[in-house]
Amino acid sequence: MANLKSSAKDARRIEKRRALNRPQRTRLRSLQKKMIKLVSENKLVEARELFRSYTTYLDRAGKRNLIHKGQADRRKSRMALLLNKAEKSQTA
């Protein structure tokens, strides 16, 4: 329990932020899992469409400091590599 008035206010603020950020982080993880699942099932057209929305969401998350901007870039890069590798192996 907070000893100071300002500490109690900070605790309330943190809880509000956490309540807003939690579903957004969950959505990021869900999109990532969905992408990996689509790639593993060789549904590459659907995966490519989802990749567009996933990258957009990652950019917004990085911009709003939900995750670090570098982490957003790294996740986009790794997902693009995964998708491109799957497309290359399917055509070969």
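Gln 32 counts as partly exposed in this predicted model, because its relative accessibility is 26%, a value between the 20% under which a residue is buried and the 50% over which it is exposed. Gln 32 is part of helix α1. When residues up to four places away in sequence are not counted, Gln 32 touches Tyr 54, Arg 75 and Met 79.

**Other residues of helix α1**

Helix α1 covers residues 5–40 and includes Lys 33. Lys 33 has a relative accessible area of 61% and is therefore exposed. Together with Arg 22, Arg 25 and Arg 29, Lys 33 forms a positive surface patch. Lys and Arg are the residue types that count as positive here.

Ser 40 also has its place in helix α1. Its relative accessible area is 58%, so Ser 40 is exposed. Ser 40 and Ala 86 are 46 residues apart along the chain, and their C-alpha atoms are separated by 8.2 Å.

**Two asparagines in loops**

Where does Asn 42 lie? Asn 42 is in the loop between α1 and α2, the latter being helix 44–63. Although Asn 42 is not a glycine, its phi is positive, at about 60 degrees. With 45% relative accessibility, Asn 42 counts as partly exposed.

Asn 65 is in the loop between α2 and α3, where α3 is helix 69–91. Asn 65 has a positive phi of about 60 degrees and is not a glycine either. Is Asn 65 buried or exposed? Asn 65 is exposed, because its relative accessible area is 65%.

**Salt bridges**

Side chains of opposite charge can pair when their charged atoms come close. How many salt bridges does the structure hold? The structure holds seven salt bridges. The table gives some of them.

| Residue | Partner | N to O distance |
|---|---|---|
| Lys 43 | Glu 41 | 3.5 Å |
| Lys 76 | Asp 59 | 2.6 Å |
| Lys 69 | Asp 73 | 3.9 Å |

Lys 43 and Glu 41 meet through their side chains in a salt bridge. Lys 43 is partly exposed, with a relative accessible area of 39%. Glu 41 is partly exposed as well, and its relative accessible area is 38%.

In the salt bridge between Lys 76 and Asp 59, the closest N and O atoms are 2.6 Å apart. Lys 76 lies in helix α3 and Asp 59 in helix α2, so this pair ties together parts that are 17 residues apart in sequence. Asp 59 has a relative accessible area of 39%, which makes Asp 59 partly exposed.

Lys 69 forms a salt bridge with Asp 73, and here the closest N and O atoms are 3.9 Å apart. Why are Lys 69 and Asp 73 separated by about one helical turn? They are separated by about one helical turn because they are four residues apart in helix α3. Lys 69 counts as exposed, at 54% relative accessibility. Asp 73 is partly exposed, with a relative accessible area of 34%. Salt bridges that share partners join Asp 59, Lys 69, Asp 73 and Lys 76 into one network.

**Gln 90 in helix α3**

Gln 90 is found in helix α3. At 46% relative accessibility, Gln 90 counts as partly exposed, because this value is not over the 50% that an exposed residue needs. Which residues is Gln 90 in contact with, leaving aside its neighbours within four places in sequence? Gln 90 is in contact with Asn 42 and Leu 44. Of these, Asn 42 is the loop residue described above, placed between α1 and α2. Gln 90 and Lys 37 are 53 residues apart along the chain, and their C-alpha atoms are separated by 16 Å.

Terms used
Residues numbered from 1 in each chain as written. Predicted model: local features only at pLDDT ≥ 70, side-chain atom pairs only at ≥ 80, totals over all residues. Heavy atoms only, no water. Patch = residues over 30% accessible without salt bridge, like charges linked within 9 Å, V, L, I, M, F, W, Y side chains within 5 Å. Areas by Shrake-Rupley, 256 points an atom, 1.4 Å probe, with all protein chains shown as cover. Salt bridge = Lys/Arg side-chain N within 4 Å of Asp/Glu carboxyl O. Charge placed at Lys NZ, Arg CZ, Asp CG, Glu CD. Buried < 20%, exposed > 50% of the residue type's maximum accessible area, 1.4 Å probe, protein only. Contact = heavy atoms within 4.5 Å.
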